[in-house]
Amino acid sequence: MKAAVLRAFNQPLEWQEVTTPSPEPDEALVKVMACGIDGTDLKLLDGFGYTPELPFVMGHEVAGVVTEAGYRVTGFEEGDRVIVYNFTTCGACFACLSNREQICVNMGGVLGAKDRSGGYAEYVAVPARQLVRLPDQVSWPDGAVCCDAGMTAFHAMERARLRLGETVLIVGVGGVGSMAVQLAKAAGARVLAVELSQSKREWARQIGADALLDPGDVALPDAVRDLTRGIGVDCVIDIVGQTGTMAAGIDSLRHGGRMVIVGYTPDHYPVEGKYLAQNELEILGTRAGRKQDLIQVAGLMASGKIRSIVTQTFPMENANEALAVLRSGENLGRIVLLTPAGRRSLDTAA
Ligand SMILES: [Zn+2]
């Protein structure tokens, strides 16, 4: 098979022939149709964050078709349309046993990021228990981006405990933010979206945001209070995680509000204990999502309640070009790579 291989950090990927993986008895071989790309891939490429042993194949937003199943696999067979849950978890620790497997204390591999070869390839072998059925109504690119952008946003909403009629401030409208805006609207919330980029603010409006804020232009907490009769928002979803966004987010909360940290950088933010205590604020972390979150978001995509966030596709052979566009920060929503098989399948469908 062919794959876009990371041979050296800070160097372009190389589209080349590699050995097609053979599935273990409990694994399935998936013919990749589409694979999303995101900031995690840029960090991998730069040698920050996860630093896998090289050569390595990235790609953690995979949609495809099962072409082979190991003899211990039940429930999936050749021809099934699937998407892949990224985490190989232990299934036995307190986190796994309390349905929070994304914070498993014995985390094994992470598809396309740590110890498990990913979806920038024509085929990928994955443990069958990480497979999720992709509803027929969902296209390959839309299915792929459910695996991280969709699942992460869905889980953040779960952590946020967002309720009908609440107002939420969403900071950062990239891939995860594009899903978060739509999910918050679907949950019946009023959405205020914060973006530095004019084109992303316009995009946020198109996908349903009720008000747009430019942090370069306004003092955020004041602007938020102007839009909320002086009260502040019920909830902030911070997908950026810089000192400035955390500070502005906490200052924008109403009494009793919840701050949900999705994105992060090496930045710190000192919080005064008295301010948290006296205002009964909650600060919540959220990491990716559970397999159940992935199933739910794929179902929402199938129902038409959320629209596609895929604005650009590239042939997987041109992964370097796609990553350069991503790095420019100018793309809207998500960029997806299509394998030759994925392109043929979409052409046939169209
Ligand atoms: Zn575990």
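Predicted model: local features only at pLDDT ≥ 70, side-chain atom pairs only at ≥ 80, totals over all residues.
**Conventions.** I note that local features need pLDDT of at least 70 and side-chain atom pairs pLDDT 80 or more, whereas totals for chains, interfaces and linings use all residues. Residues are numbered from 1 along each chain as its sequence is written, and side-chain values use heavy atoms, with hydrogens and water left out.

**Overall fold.** I counted eleven helices and 17 strands (DSSP runs: H or I of at least four residues for helices, E of at least two for strands, numbered from the N terminus). The radius of gyration is 20 Å, close to the 20 Å of the globule rule for 350 residues, so the chain is as compact as a globular protein of that length. That radius is taken over C-alpha atoms, and the rule is 2.2 Å times the number of residues to the power 0.38. I found 54% of the 350 residues buried (buried is under 20% relative accessible area, exposed over 50%, partly exposed in between, with a 1.4 Å probe and protein chains only).

Cys 96 is buried at 14% relative accessible area, while Cys 90 is partly exposed at 29%.

**Salt bridges.** I found 16 salt bridges in the structure (a side-chain nitrogen of Lys or Arg within 4 Å of a carboxyl oxygen of Asp or Glu). In one of them, the side chains of Glu 61 and Arg 334 meet at 2.9 Å, N to O. This pair links distant parts of the chain, 273 residues apart: Glu 61 is in the loop between α1 (39-46) and β4 (62-69), and Arg 334 is in strand β17 (residues 334-338). Both Glu 61 and Arg 334 are buried.

I also noted Asp 234 and Arg 254, whose side chains meet at 3.1 Å, N to O. Asp 234 lies in strand β13 (residues 233-238) and Arg 254 in strand β14 (residues 253-261), so the pair ties together parts 20 residues apart in sequence. Asp 234 is buried at 11% relative accessibility, whereas Arg 254 is partly exposed at 31%.
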